[in-house]
Amino acid sequence: MTQTLGISAKQRVDDWLEAFERALRERDVRGAADLFAPESFWRDLVAFTWNITTVEGRDGVADMLGETLAGADPRGFALTEEPTEADGVIEAWIRFETATGRGTGHLRLKPEGAWTLLTTLRELKGFEERQGERRPLGAVHTLRKGREYGTEAAEQDPYVVVIGGGQGGIALGARLKQLGVPAVVVDKHARPGDQWRGRYKSLCLHDPVWYDHLPYLPFPPNWPVFSPKDKIGDWLEMYTRVMEVPYWSSSAVRSAKYDAGTGRWSVIVDREGGTTELTPAHVVFATGMSGKPNRPVIPGQDVFRGEQQHSSEHPGPEAYRGKRVVVIGSNNSAFDICGALWEHDADVTMVQRSSTHIVKSASLMDIGLGDLYSERALAAGVTTDKADMIFASIPYRIMHEFQIPLYERMAERDADFYARLEKAGFRHDWGADGSGLFMKYLRRGSGYYIDVGAADLVADGQVKLARGQAVRLTEDAVVLDDGTELPADLVVYATGYGSMNGWVADLVDAETADRVGKVWGLGSDTPKDPGPWEGEQRNMWKPTRQENLWFHGGNLHQSRHYSLYLALQLKARYEGLPTPVYRLAESHHRS
C-alpha cells in the first residue's frame, strides 16, 4: 500500500531535483542524463520540446537536452506536495519554469535514478489566462452619456480556423478564447451539439462523468454518471454560449489551401447562402477520430431491396419492429444498435468479422477507472486535473504493464460472463498482450465494447450471432464467405471510421494527407497499429509534416486535457515566441 513518508523520500527527491537543476544550469547534458535510470522515460508535453514526445533511456534524454536545453533554460524545480513511496518507487509532483513558461510535472524515482519524468507546459509568461485574481472585471463602473451595453467585439479575421465543432473543437475554441487568440470554430450542423443529437437514439456515453468534464466548466455534481447523447448535445450548446466560443454553425468547409509564401491558409466556407474566404495562419482539423465513416463496398449493394445505413446514420430502432436486421460489426456501436433493436422486437443478427474485447461497465468503472475518475478518487484528493496528469505520466511504452493486472482482475471477477459469451461462439480477446481496452483504444481506436447489457443478449442467443465476412448482398439477404445467407430488411454497417487525414485528402489534397500520414496510433506493431514505434499518438495535438496544420480530438478526456497544450502552442506562435520543435514525427503511413 502506498504510504506517505517523512524526510527520507522527500530528501531523495529534493536531492535529485537539485542535482538535475544544477546539471541543466551548467549545460551538463550527460550529467543530467546520468541522473536517469538505464531504463527510463521522459515524456514532455510542449515544455521543453514544443512538441508532444517521449524519449527513452539516458541516450534519449541526452539527445533531447542537447537540442532543447539552451532554448528552454529551465529552472526552479521544486516539490509541490509530499512524495509517496510504494514497492521501491518514489512518486513526486513538481513544478518548474522555462524561458517562456511555467510547468508542472511528475517524477517516479528508483534507487538507480529517475524511472519516469513528465513535464508539461501550463502557461506562458506574460500571456497568462485571465482567471483567478487576474479575472476580468466584466463591467466599467463609470457612468457616461451614450454608453452602449452588451455590444460584441467586431469580428476579425481569425488566426486559427478549427474545422469541426464537436466536443474537441468546442474545447479548443474555449481555450483559444481564454488565451486571446482570434479563432473561429466552423461546423456544418445547425447547432452546437447536433453531432450528438443526430446519432442513434440509444447512444449514451460509456465513460463516466468524472472522466468527461470540459475545460473550465465541469458537469454539476448531480449530473448522471453516464450521459445520454441529447443531454451531452445540450451541454455542448450551452457551453459554447457561456464560454463565448466563436462558433459558426450551418457552415461547411468546401476547401483549404496553404500558401507557403505567405504562411496563410485560404479556407473556403459555404455559409448563409454564400461563400466566405478565411485566411488564417493555422488550421486545426477537429473532425473527430470517429468522424469519417468506413463504408464497405460489397457486391450487390445496388440490388438489395431493403435499407442500408452506416452506424453513424442509424436513426434508432422504432421503425424496425418485426424487421430482419443484420448488423455488420461487433464493437461499441454494433452492440448498442443491436441492443436497442432487440428492445423494440426486431429480429437481430450480429456479424462478427474479427475478435472483440469486451469489458463489463461496472468492472471497468471500479477496477479500471475508480482510482482516478470517480467519487472515490475525489474523496482521496484526486481531482480531474490530477487524474489527467497521473494518466499522462505513464509512458506509452510501458503503459500495458500497468493495465494488464487490472484486466486480469476483471477477467477473474466476470469469469462466468466470459464463459457464457465464448460458449455462444463469440470470439473474445484481451488485446494483443492482455492489456485490455485502453491500449486497444490508444493503439487503434477500435476493437472493443464496454458492456452495458447487449453482450448478455449475444451470450443468451437473443441477438443471433454469425461469424465471417460479408461477401455480397442479394435482393433480400447478406451472404457470408462460408455461404451462409442472412435474410435482411435492414443492413447496418457498424464498420468504424477512418484516419482523420482522410478529411485532409478531401478538403486540401491527397498529397498533403500523405505528407502528414496516418493520424492516431502508437506504432506498436499490434493489429491495426503498424510500426515503427512512435511512442505518442501520431500527429495528434502537435506539429505535423504540413506546416501550420494540426489535429485535435479523441474522447472527452483527451479533448479536455490536450486542448491546453495545443492552445498554448498556437498562442506562442500568435505572440511571435520562438517555438523550435524537437523531433518532428516522420510520416510512415499514407492516407
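A salt bridge is taken here as a side-chain nitrogen of Lys or Arg within 4 Å of a carboxyl oxygen of Asp or Glu. The model is predicted, and local features therefore need pLDDT of at least 70, side-chain atom pairs count only at pLDDT 80 or more, and totals for chains, interfaces and linings use all residues. Residues are numbered from 1 along each chain as its sequence is written, and side-chain values use heavy atoms, with hydrogens and water left out.

By the salt-bridge rule the count comes to 44. In one of these pairs, the closest N and O atoms of E237 and R191 are 2.7 Å apart. This pair links distant parts of the chain, 46 residues apart, with E237 in helix α6 (residues 229-242) and R191 in the loop between β10 and α5 (194-197); helices (H or I, at least four residues) and strands (E, at least two) are DSSP runs, numbered from the N terminus. E237 counts as buried at 15% relative accessibility, whereas R191, at 36%, counts as partly exposed, where buried means under 20% relative accessible area, exposed over 50% and partly exposed in between (1.4 Å probe, protein chains only). A further salt bridge joins D366 and R376, with closest N and O atoms 3.0 Å apart. Because D366 lies in helix α8 (residues 361-368) and R376 in helix α9 (residues 375-379), the pair ties together parts that are 10 residues apart in sequence.

Contacts of R573 (heavy atoms within 4.5 Å) include Y159, H282 and W550, not counting residues up to four places away in sequence.

Just after α3, D73 takes a positive phi of about 45 degrees.

An open sheet is formed by 5 strands in the order β11-β10-β9-β15-β26, with parallel pairing, two strands being paired if DSSP finds at least two bridges between them. The edge strands β11 (247-248) and β26 (549-551) each pair on one side only.
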